[in-house]
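Q: Could you walk me through this one, starting with the terms you rely on?

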Amino acid sequence: MTARITSERGCPERLGATLDQDGVHFAVFSAHAETIELCLFDAAGTLETDRLTLPGRDGDIHFGFVPGLRAGARYGLRAHGSYDRKAGHRFDPSKLLVDPYAVRLDRPFLFHPALMAPPERRLDTGPLMPRALVTDLSREAAPLPFSAPGLTYEVLVRGLSQRHPDVPETIRGTVSALSHPAILDHLARIGVETVELMPIAAAIDEAHLARRHLTNAWGYNPITHMAPDPRLVPGGFAELRRVVDALHERGIRVLLDVVLNHSGEGDEAGPTLSYRGLDNLTYYAHSQDEPDRLVNDTGCGNTFAAWRAPVVRLFIDTLKTWVEAAGIDGFRYDLAPVLGRLPGGFKPDAPFLQAVASDPVLASRIHVAESWDIGPGGYQVGQFPKPWFEWQDRFRDDVRRFWKGEDGAVPALATRLAGSADMFDKNGRRPSASVNFVAAHDGFTLADLTIYADKHNEANGEDNRDGHNENFSWNNGVEGDTDDRGVIEARGRDIRALLATLFVARGTPMLVAGDEFGRSQEGNNNAYCQENETTWLDWAKADEGLIDFVAKLSDLRRSHPALCADAFLRGDTLDGKGLKDVEWLNEAGRAMDVSEWADPKRHLLGLSLFALKDNHMGPASEDGARAIVYLNAGREDATVALPVPRPGHGFRLVIQSDCPNLEPRALEAASGLVVKARSVFILVEERL
């Protein structure tokens with residue numbers, strides 16, 4: 001039976017497909033299309049049964065109502081208009097388009113050269129495209145109350161569980177694996193407070209990967225930003241909500257990595273899948289002199305025009321859908337300067353950033369920016385408005401330089417340990433605004449920093465040209481795997497020192513899944529296209545001792561006020577006895593002088609940390625709490641004199657990174673302490 005469509009019901013409030021009691025409303029934005037057709041498919045998604053022109057138009061919204069259509073109906077779109085590349089228009093009705101507001105797809109995107117065919121070839125791409133599913137989407141999920149993220153665990157969904165022996169094969173590689181007790185128990189074991197899921201929106205492989213028979217494993221090439229990828233979330237929002245609820249029951253928040261800076265349609269020669277075919281001129285930023293040329297501030301071929309109202313609306317509606325339908329607690333924004341960039345440059349009060357701040361659903365969520373891209377003025381770390389959090393690449397690099405053994409690295413390390421006030425101490429922000437990491441998904445793994453002096457990306461098919469060249473990594477004398485026990489021990493010592501540095505620094509610490517047990521990518525520092533054992537965590541080889549060490553660090557940080565305080569370290573006196581929030585210590589247990597700070601050969605840094613109960617920095621005993629930290633990146637042991645403890649107090653050594661199984665032991669202040677080479681020592685002051 002042929003379906004009919006009417007405009008008599010008027011333009012619906014929501015764009016996309018909205019289910020009503022007796023049919024479905026459809027609404028699609030396009031400022032430049034002449035007409036838009038709704039294509040309906042049979043239950044198998046194979047046969048196109050109807051092609052109906054949306055009869056209504058309200059400004060730039062094309063709309064219509066199909067009586068009798070129900071949930072589960074499959075549909076796509078076709079747009080008619082001018083194909084004038086010089087004017088920026090790319091309308092081609094031979095291209096079946098996916099609704100940007102689709103919330104569920106019946107199959108994943110698969111790249112095919114026909115998706116790039118010019119209109120004169122009249123190649124119908126219908127057989128190649130996913131169909132959107134009309135979905136009765138519940139919007140009653142509840143995220144947890146706002147809080148700083150705390151220990152954040154970055155997760156590649158497929159890679160996390162694909163090789164986990166305790167996760168059933170039926171859910172391995174899917175988001176459901178995160179709700180399995182084996183995964184939940186592991187997260188609890190190491191004290192994870194927030195899980196950050198790498199992109200799960202429906203994405204497509206780039207053309208160059210398809211030619212090399214590779215797959216985009218990371219998902220940073222999305223098409224429909226609010227529809228989960230069927231490969232990762234086969235059950236759609238209902239499945240995702242169950243997983244989020246399970247994590248919430250453990251007190252763990254969930255952030256979603258969203259890619260709102262570009263789409264998988266690529267550059268001017270890329271495939272026509274959605275935005276390009278619906279309104280290329282509006283959705284994307286174009287060169288002012290050459291409207292046919294797309295701005296490429298992302299390095300991915302195109303850049304969304306995030307200052308235009310329809311694009312802002314799409315992004316806000318996308319974020320609200322994830323929150324309301326799945327209970328997502330917040331977002332990490334890939335290449336976030338795009339979202340604050342107007343044609344005249346980056347602005348902290350850009351339309352999208354203002355829209356987030358004023359939206360009643362989104363204003364109270366966690367927002368984390370990757371604060372750099374390759375566009376003009378692309379480095380914006382520290383420039384996002386409060387209460388945004390931001391990834392901190394200078395922490396990554398300065399910590400790596402210190403432990404690599406570079407000369408003159410101590411002052412920069414101290415700045416990072418103190419909360420990076422040089423970038424974040426403004427507009428009432430706190431150190432937690434800085435998301436500190438030593439390794440992220442992009443770059444070397446934590447272990448590979450100590451195993452490879454150079455990147456090894458040959459498997460990516462680009463002759464090792466891709467990926468970062470400045471990694472500040474080292475190999476402890478042998479490049480790659482070795483049976484030399486001395487080298488293996490040295491690498492383990494360095495890994496533990498890097499981890500301890502992360503946990504004693506002021507800010508929000510972040511770990512990549514698997515770095516807590518020594519994962520390696522065999523030196524590949526750009527494994528985005530390795531959907532295989534390179535990115536799949538090998539749980540069978542997990543270093544249980546390293547996991548225990550991370551758990552110990554996490555517990556200590558979370559429980560000790562001087563380590564978890566969310567305040568910049570300034571050297572301010574906090575109590576009547578003269579104790580400061582921080583004192584930077586030399587080997588004699590006294591404050592470092594100017595010459596010691598300037599010594600390029602210094603590789604030892606000590607610090608005494610103190611926190612009071614009433615300074616809004618976390619729990620503490622009535623008389624405050626004190627911790628002493630020594631970081632020795634040198635190749636020789638260092639003998640240090642301990643600072644004088646408070647009357648009635650003594651020091652206990654609780655972490656010695658070169659000896660992770662150390663039982664805490666009391667120290668005699670007068671006897672001094674030997675801080676081992678390539679290690680971090682953490683002491684706490686206790687009442688005797």
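A: Buried means under 20% relative accessible area, with exposed over 50% and partly exposed in between, using a 1.4 Å probe and protein chains only. This is a predicted model, in which local features need pLDDT of at least 70, side-chain atom pairs count only at pLDDT 80 or more, and totals for chains, interfaces and linings use all residues. Residues are numbered from 1 along each chain as its sequence is written, and side-chain values use heavy atoms, leaving out hydrogens and water.

Q: OK, which residues of α5 are buried?
A: They are Tyr 275, Arg 276, Gly 277, Leu 278, Asp 279, Asn 280, Thr 282 and Tyr 283, which is eight of the nine residues in the helix (275-283). Helices (H or I, at least four residues) and strands (E, at least two) are DSSP runs, numbered from the N terminus.

Q: And what covers them?
A: The cover includes strands β2 (23-29) and β14 (222-228) as well as helix α6 (309-326), where contact means heavy atoms within 4.5 Å.

Q: Switching topic, what is the strand order in the open sheet?
A: The six strands run β23-β24-β25-β30-β27-β28 with antiparallel pairing, and two strands pair if DSSP finds at least two bridges between them. At the edges are β23 (582-585) and β28 (665-667), each pairing on one side only.

Q: Which helix packs on it by β23?
A: Helix α10 (residues 410-417) touches β23, β24 and β25 (625-632), and its direction makes about 20° with that of β24; axes are lines fitted to C-alpha atoms, for helices over the stretch in contact, and angles run from 0 to 180 degrees between N-to-C directions.
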